[in-house]
Amino acid sequence: MRHLMSPLDFTVEELEKLFDLANDIEANPDKYKHICEGKKLATCFYEPSTRTRLSFESAMYSLGGQVLGFSDAGSSSAAKGESVSDTIRMISCYADICAMRHPKEGAPMVAATKASIPVINAGDGGHQHPTQTLTDLLTIRSLKGRLNHFTIGLCGDLKFGRTVHSLINALVRYENIKFIFISPEELRIPDYIIDMLKAKNIPFEEVIRLEDSMPELDLLYMTRVQRERFFNEEDYVRLKDFYILDKKKMQCAREDMLVLHPLPRVNEISVEVDDDPRAAYFRQVQYGVYVRMALIITLLELQEG
Ligand code: NCD
């Protein structure tokens with residue numbers, strides 16, 4: 001039995017297979033619409049979410065399966081003091097697979113050690129968000145046709161943004177990737193990531209101004225300042241509008257640069273950018289459903305037809 005805790009749990013070859021499956025689902029949804037009949041997905045969300053939870057639910061329904069779960073720790077027995085370990089033992093009796101989001105780093109991993117069903121980490125604190133990374137990779141591969149030879153700018157809250165940490169971990173396995181980290185000093189990428197890049201000899205730059213690096217980017221990954229992980233509101237207010245991607249800034253970007261964002265967006269991408277053909281963040285949401293469908297099929301070891 002396999003779980004998904006980090007994007008590195010799959011080899012590059014396994015990811016290729018998963019993305020091929022996701023693209024086949026996109027092209028032939030009918031082939032897969034009964035594959036999960038009789039199967040149940042539990043969504044255990046101890047932290048707010050719209051996209052991730054609903055895209056898991058949508059994915060399971062599109063495969064003919066059913067969904068149960070909770071979307072608020074306050075309405076689950078966690079409010080009575082139940083441990084994640086106990087909850088997952090119980091969920092293992094109710095469902096065939098579980099997607100878990102938790103504010104504590106490592107909580108889904110603890111759940112996986114006690115579960116008798118596959119557990120998917122749907123985001124753990126500021127740590128990892130592997131299904132968002134699968135979404136990001138599938139989007140890039142589908143729209144660009146490759147996952148290597150890119151200069152990628154990651155902009156915004158690089159300190160607390162788990163989607164950024166997960167994506168970097170995943171991208172270092174591909175050839176000729178250069179990272180440009182664009183953040184205010186207070187929201188710099190963590191040192192452990194810098195150390196990892198140095199150890200692997202992967203090129204990166206850290207800059208503050210978005211405009212300066214725009215012309216060299218193949219991909220721009222914008223992120224929200226993660227309000228819920230700040231210790232005080234004042235710092236958040238000071239930093240929240242540090243970057244606003246607008247039409248004017250897009251003018252200095254390449255014709256074929258893609259703008260990605262895990263969403264939700266707050267102010268960091270002006271709505272006037274939404275109509276730009278390079279804005280890929282809403283297409284990214286759709287890829288998120290296909291990749292979660294492919295992931296459920298893979299972890300449940302199901303065969304189509
Ligand atoms: C992200 C998350 O939860 O980390 N959202 C998502 O799942 N798409 C990004 C964010 O909340 O900023």
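I call a crossing left-handed if the near helix is turned anticlockwise from the far one by less than a right angle, and right-handed if clockwise. Helices (H or I, at least four residues) and strands (E, at least two) are DSSP runs numbered from the N terminus.

**Entry 1: basis.** I worked from a predicted model, in which local features need pLDDT of at least 70, side-chain atom pairs count only at pLDDT 80 or more, and totals for chains, interfaces and linings use all residues. Residues are numbered from 1 along each chain as its sequence is written, and side-chain values use heavy atoms, with hydrogens and water left out.

**Entry 2: α5 against α11.** I looked up the crossing of α5 and α11 and found it right-handed. Helix α5 (residues 130-144) packs on α11 at an angle of about 115°, the axes being 8 Å apart. Axes here are lines fitted to C-alpha atoms, for helices over the stretch in contact, and angles run from 0 to 180 degrees between N-to-C directions. The angle makes α5 roughly perpendicular to α11 (under 35 degrees counts as roughly parallel, over 145 as roughly antiparallel, 65 to 115 as roughly perpendicular, the rest as oblique). Contact (heavy atoms within 4.5 Å) involves residues of α5 including Q132, L138 and L143, and residues of α11 including Y287, R292 and L295.

**Entry 3: α2 against α11.** I then turned to helix α2 (residues 51-62), whose axis comes within 8 Å of that of helix α11 (residues 281-299) and crosses it at roughly 55°. This angle makes α2 oblique to α11. The crossing of α2 past α11 is right-handed. Among the contacting residues I noted R51, T52 and F56 of α2, and V289, R292 and I296 of α11.

**Entry 4: ligand surroundings.** I listed the residues around the ligand (a heavy atom within 4 Å): R51, T52, R101, H129, Q132, R162, T163, R224, Q226, P262, L263 and P264. A side-chain N or O atom of H129 is 2.7 Å from a ligand oxygen. For T52, a polar side-chain atom lies 2.8 Å from an oxygen of the ligand. For Q226, the distance from a polar side-chain atom to a ligand oxygen is 2.8 Å.

Entry 5: L263 belongs to the loop between β9 and α11. I found its phi near 65°, a positive value in a residue other than glycine. The peptide bond joining L263 to P264 is cis, with omega about 5°.

Notes: Polar contact = N/O pair within 3.5 Å; in protein donor to acceptor, adjacent residues only side chain to side chain.
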